[in-house]
Amino acid sequence: MNYSKFAFTDAIKTIQKRLGSRGTYERVENMSYVDGLTPVEEEFIGQLDSFYMASFGENEYPYIQHRGGPKGFIKVIDNETIGIVDFSGNRQYISVGNISKNPKVSLILLSYPLRARLKIYAEAEIVEIQDNPALFDLLKPEDYKYRPERMMIFRIKAYDWNCPQHITPRFTEAEIEVLMSSKDRHIQQLEQQLTDLRKKLEAK
């Protein structure tokens, strides 16, 4: 799973040489190899509530789609495979149609709070629910309202982490509530101490 060797075509290497970065990335190609996802990637994937997927259409244009769900809806099946339940949406089926003709996809998994970005090359497979109910039991999210249509399996060919530069931290309401809860408790304690102090002064 050497992402650099997988991603850097001859045209890309030529540009890197011209702009002075080829030496650095050549060393990266010779060093970076991981046999599948590590616990770090698995934990990161398990905390996400969305990702972006690029597929390639018969019109010879890439198509980028946002996929979302509850936190943890992307499941790690093994250290080379992840999967999701495909929820019913606008029923255009562009990604599904593209994958049926060309399984090669690219994924961007992004955490705004952590300013972390994991990019993945994968081959996707569409699996009907009735064809593999055991897999559906593994992938289905709990306590989430949705209508399942099928499943998508991604067999990872290469992955790499991007730098955090230009990722602006953003937080969901739930994440903000967690961050603010300790401050709210501290304010309540201070208000109670102030109330108690006033009562003592009034009693004198």
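Predicted model: local features only at pLDDT ≥ 70, side-chain atom pairs only at ≥ 80, totals over all residues.

Trainee: Which residues meet where H2 and H3 pack?

Mentor: From H2 you have Lys13, Gln16 and Lys17, and they meet Arg22, Tyr25 and Glu29 of H3. Sorted by class, that contact has four charged residues, one polar and one nonpolar.

Trainee: Why say that H2 lies largely in the open?

Mentor: Because the number of buried residues is one out of the 10 in H2.

Trainee: Is glutamate 29 buried or exposed, and how do you know?

Mentor: Glutamate 29, which is found in helix H3, has 8% relative accessibility, so it counts as buried; the cut-off for that word is under 20%. Skipping neighbours within four places in sequence, glutamate 29 is in contact with Asn2, Ser4, Lys5, Phe8, Lys13 and Arg22.

Trainee: On to salt bridges. What makes aspartate 86 and arginine 67 a salt bridge?

Mentor: Their side chains meet with N to O at 2.2 Å, and the limit is 4 Å. Aspartate 86 sits in strand S4 (residues 81–87) and arginine 67 in strand S2 (residues 62–68), so to speak distant parts of the chain, 19 residues apart. Both aspartate 86 and arginine 67 are buried.

Trainee: How do you know that arginine 91 and glutamate 149 qualify?

Mentor: Apply the 4 Å limit again: the N to O distance for arginine 91 and glutamate 149 is 3.2 Å. This pair links distant parts of the chain too, with arginine 91 in the loop between S4 and helix H5 (94–101) and glutamate 149 in strand S7 (residues 148–162), 58 residues apart. Glutamate 149 is at 15% relative accessibility, so it counts as buried.

Trainee: How many salt bridges does the rule give, and which residues are linked in a network?

Mentor: The count comes to seven salt bridges. The network links Arg67, Asp86, Arg91, Glu149 and Arg150.

Trainee: Which residues of the largest nonpolar core touch the most other members?

Mentor: Of its 34 residues, those are Phe51, Ile74, Ile82, Leu107, Leu109, Ile120 and Phe154. Elements that each supply at least two residues of this core include helix H4 (39–46), strand S1 (50–56), strand S5 (104–111) and helix H6 (133–139). Leucine 109 touches Phe51, Ile74 and Ile120, among others. In soluble globular proteins, nonpolar side chains tend to be buried together.

Trainee: What makes threonine 81 buried?

Mentor: Threonine 81 is at 9% relative accessibility, so it counts as buried, given the cut-off of under 20%. Threonine 81 lies in strand S4 and its contacts include Ile153, Phe154, Arg155 and Ile156.

Trainee: Why are glutamate 60 and histidine 166 called exposed?

Mentor: The cut-off is over 50%. Glutamate 60 has a relative accessible area of 63%, so it is exposed, and histidine 166 is exposed at 72%. Glutamate 60 is in the loop between S1 and S2, while histidine 166 is in the loop between S7 and helix H7 (173–203).

Trainee: What is phi for glutamate 60 and for histidine 166?

Mentor: Phi is positive, near 65 degrees, for glutamate 60, and about 75 degrees, also positive, for histidine 166. Most residues other than glycine have a negative phi.

Technical notes: Residues numbered from 1 in each chain as written. Heavy atoms only, no water. Contact = heavy atoms within 4.5 Å. Helix = DSSP H or I, 4+ residues; strand = E, 2+ residues; numbered from the N terminus. Nonpolar A, V, L, I, M, F, W, Y, C, P; charged D, E, K, R; others polar. Buried < 20%, exposed > 50% of the residue type's maximum accessible area, 1.4 Å probe, protein only. Core = buried A, V, L, I, M, F, W, Y, C linked by side-chain atoms within 4.5 Å.
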